[in-house]
Amino acid sequence: MKLRKAMALGMAAVMTMSLTACGNSETTNTDTTKVEEEQVTTTETVETAVPTYAEVDLGEEYTDLTAKIKFMHHKTDREEDGTMASLIAEFNKVYPNIEVETEGITDYAETALLRLPTEDWGDVMFIPSVDAKDLSTYFLPYGTVEEMSQYINFADNQKYDGMCYGIGYMGNAQGLLYNKAVFEAAGVTELPKTPDEFIAALQLINDNTDAIPLYTNYAAGWTMGGQWDAFLGAITTGDTTWLNQKFAYTAEPFKDNGDGTGAYALYKILYDAVAMGLTEEDYSTTDWEGCKGMINRGEIGTMVLGSWAVAQMKAAGENGDDIGYMPFPITIDGKQYATAGPDYSYAINAKASETNQTAAMVFVKWMVEESGWCDLEGGYPISKTAPTSFVFDGVEIVNNETSLAGEEDVMNEMNAESELNFNAGGDLKVQRIVEIAANGGSFDELMAEWTTKWNDAQSSLGIEVKY
């Protein structure tokens, strides 16, 4: 370890929390690598700053650092299946004196927000929904966004005043899950790139196999709006400014462009699949947990879910190699696009001791660059140096640009006023597409209804129509 770092790095006494969550939520605690809790004393201490992410050299220093840190997260499934314990056991092969206690929380989003102000939640957590201006209050910066962009993707996702406060544990890309064996048996030889090609592929699956061509996951709710709305923007328009800078100011955002692009084409895919009998027989009985094994066994051809779902489907049976991930079937000027961004992001407690902050910085960097956890989850890569098996051939990965200064709240206001809630819990909106299609209703009439609601909201809010 560098001499400029503190020499008195004894075991930090960490207070374990015995909070019990309400309702049916549970927490799972996993202690790894037992270290005797004895206070190490020394007569000489060098006070220095905690190293930045860039300053940590994995495997070369900090191997004599002694600390006990706590990591709070939402991945209870990885606590239960032993993955978390295995990852930390590997970490301890390099850093044997850094004891890591993990706590997986079922209702993480709510519990993390409640614990955050207490300051004694631990040393590393996944950042819950907090305002950017509060990041520096709770968390230690990893370095500047510019510097961190050399090491990770999405360095600007959790930023404030030019500093990076969060590093994703995995990235999510937006596309479709599919079963390769089902596609082959159906005679689908190339991945579809347009709405027409996709519907044709679903028809082949319907005609030539016993699989459900497209599983809607209607009953789960969050698998509707939360998934289909995610394709709005660059994926369906080729314009990275459309979603957050133009959508709210557009007169007819749901019109038929006539070329298989835009919001109309996006939602029409779902409507057509249901109307043509290319989905499950009874949409009200879909089963989120059950569908994982179904697609693994080849009983489902495709599902609309983020890339985070790949690992779950692979692990749901013996046919993990049959699970594939494809770009959304819309092409603009000969190109297919996919958006990607981080899932929950690691953050380090700004109020932890310097020793624990240093140990936490080492732990986070190891998890990002050496653990392989992101790849295990099938995630879009976070580290720019770690190996990855994520493949999205022939697709341009882009990000929807953020709102212009002074217009940050416009989309929220439009969503609330129109009650359409795009990318904001609009599950009922998308479920209604399924219902209308299944009962012979008109898709064009629905799009006209959405347009009226959108225009009325623009008028009520005094928003100038520009496009």
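This is a predicted model: local features need pLDDT of at least 70, side-chain atom pairs count only at pLDDT 80 or more; totals for chains, interfaces and linings use all residues.
Me: Why is Thr236 called buried?
Reply: Its relative accessible area is 1%, and buried means under 20%. Thr236 is therefore buried. The residue lies in helix α9, residues 234-237. Beyond its sequence neighbours up to four places away, Thr236 touches Phe231, Thr261, Gly262, Leu266, Ile330 and Ile332.

Me: What makes Gly260 partly exposed?
Reply: Gly260 has a relative accessible area of 25%. Buried requires under 20% and exposed over 50%, with partly exposed in between, so Gly260 is partly exposed. Gly260 is in the loop between α10 and α11. Leaving aside neighbours within four places in sequence, Gly260 is in contact with Pro195, Ala265 and Ile330. Pro195 is 65 residues away in sequence, with a C-alpha to C-alpha separation of 6.3 Å.

Me: Thr250 is in the loop between α10 (242-246) and α11 (262-275). Why does Thr250 count as buried?
Reply: The value for Thr250 is 9% relative accessibility, and the limit for buried is under 20%. Thr250 therefore counts as buried.

Me: What does Thr250 touch, and which atom does its side chain reach?
Reply: Not counting residues up to four places away in sequence, Thr250 touches Trp242, Trp454, Gln458, Val465 and Tyr467. Its side chain reaches the backbone oxygen of Lys246 at 2.7 Å; the limit for a polar contact is 3.5 Å. Thr250 and Lys466 are 216 residues apart in sequence, but their C-alpha atoms are 6.2 Å apart.

Me: How do you know that α17 and α18 are roughly antiparallel?
Reply: The axes of α17 (residues 427-438) and α18 (residues 443-461) cross at roughly 155°. Angles over 145 degrees count as roughly antiparallel, so these two helices are roughly antiparallel to each other. Their axes come within 11 Å, and the crossing is right-handed. The contact is made by Lys429, Arg432, Ile433 and Ile436 of α17 and Leu446, Glu449 and Trp450 of α18.

Me: Why is α2 called roughly perpendicular to α14?
Reply: The axes of α2 (residues 83-94) and α14 cross at roughly 115° and come within 11 Å. The range for roughly perpendicular is 65 to 115 degrees, so α2 is roughly perpendicular to α14. This crossing is right-handed. On the α2 side the contact uses Leu87, Ile88, Glu90 and Phe91, and on the α14 side Val362, Phe363, Trp366 and Met367.

Me: Which residues does Leu177 touch?
Reply: Setting aside residues up to four places away in sequence, the contacts of Leu177 include Ile295, Met303, Leu305, Val310, Met313, Ile323 and Tyr325.

Technical notes. Residues are numbered from 1 along each chain as its sequence is written. Side-chain values use heavy atoms; hydrogens and water are left out. Contact means heavy atoms within 4.5 Å. Helices (H or I, at least four residues) and strands (E, at least two) are DSSP runs, numbered from the N terminus. Buried means under 20% relative accessible area, exposed over 50%, partly exposed in between (1.4 Å probe, protein chains only). A polar contact is a pair of N or O atoms within 3.5 Å; within protein, one must be able to donate a hydrogen and the other to accept it, and residues adjacent in sequence count only if both atoms are side-chain atoms. Axes are lines fitted to C-alpha atoms, for helices over the stretch in contact, and angles run from 0 to 180 degrees between N-to-C directions. Angles under 35 degrees count as roughly parallel, over 145 as roughly antiparallel, 65 to 115 as roughly perpendicular and the rest as oblique. A crossing is left-handed if the near helix is turned anticlockwise from the far one by less than a right angle, and right-handed if clockwise.
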